[in-house]
Amino acid sequence: MTRSEICAAILKIFNDQFEIVGPGLDEPLRDVYEFDSIDAIELLREIEILLGTRLTRDEKKAAMDIRTINQILDYVENIALIRAART
């Protein structure tokens, strides 16, 4: 999965699940879009669906510091690379 494919999927999730259309990639989600902890939990579930696998506890903990779309893209891209290297 390329970064552009991940970006398209994440932006679709934000549009479909959170009704956030065209978010800035470096805007703080909490401040600009009132993205809260409940939204973050739902996003992690959507990321699991996107990756086709459950996130580990450590992977979920790593998501706690994410504040922007670009950070989400880095996060998903990194997990996808690690998973691909294991197979």
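Here is a short chat about helix packing and salt bridges in this predicted model.

User: Before we start, what are the ground rules?
Analyst: It's a predicted model, so local features need pLDDT of at least 70 and side-chain atom pairs count only at pLDDT 80 or more, while totals for chains, interfaces and linings use all residues. Residues are numbered from 1 along each chain as its sequence is written, and side-chain values use heavy atoms, with hydrogens and water left out.

User: Why are H3 and H5 called oblique to each other?
Analyst: Helix H3 (residues 37-51) and helix H5 (residues 69-86) pack at about 40 degrees, their axes 11 Å apart. Angles under 35 degrees count as roughly parallel, over 145 as roughly antiparallel, 65 to 115 as roughly perpendicular and the rest as oblique. H3 and H5 are therefore oblique.

User: What makes the contact between H3 and H5, by residue?
Analyst: Leu43, Leu44, Ile47, Leu50 and Leu51 of H3 touch Ile72, Tyr75, Val76, Ile79 and Ala80 of H5, where contact means heavy atoms within 4.5 Å. By class, that's 10 nonpolar, no polar and no charged residues.

User: And why is H1 called oblique to H3?
Analyst: Helix H1 (residues 3-18) and H3 cross at roughly 130 degrees, with axes coming within 11 Å. That angle makes H1 oblique to H3.

User: What makes Arg3 and Glu77 a salt bridge?
Analyst: The term asks for a side-chain nitrogen of Lys or Arg within 4 Å of a carboxyl oxygen of Asp or Glu. Arg3 and Glu77 meet at 2.9 Å, N to O. The pair links distant parts of the chain, Arg3 in helix H1 and Glu77 in helix H5, 74 residues apart. Arg3, Asp74 and Glu77 are also linked in a network of salt bridges.

User: Why does Arg3 count as partly exposed?
Analyst: Buried means under 20% relative accessible area, exposed over 50%, partly exposed in between (1.4 Å probe, protein chains only). Arg3 comes out at 29%, so it counts as partly exposed. Glu77, at 24%, is partly exposed.

User: How do you know that Arg83 and Glu59 form a salt bridge, and why is Arg83 called buried?
Analyst: Their side chains meet at 2.3 Å, N to O. Arg83 sits in helix H5 and Glu59 in helix H4 (residues 57-62), 24 residues apart. Arg83 has 17% relative accessibility, so it counts as buried. Glu59 counts as buried at 11%.

User: How many salt bridges does a search of the whole structure find?
Analyst: Six, including Asp16 with Lys12, whose closest N and O atoms are 2.5 Å apart.

Conventions: Axes fitted to C-alpha atoms, helices over the stretch in contact; angles between N-to-C directions. Helix = DSSP H or I, 4+ residues; strand = E, 2+ residues; numbered from the N terminus. Nonpolar A, V, L, I, M, F, W, Y, C, P; charged D, E, K, R; others polar.
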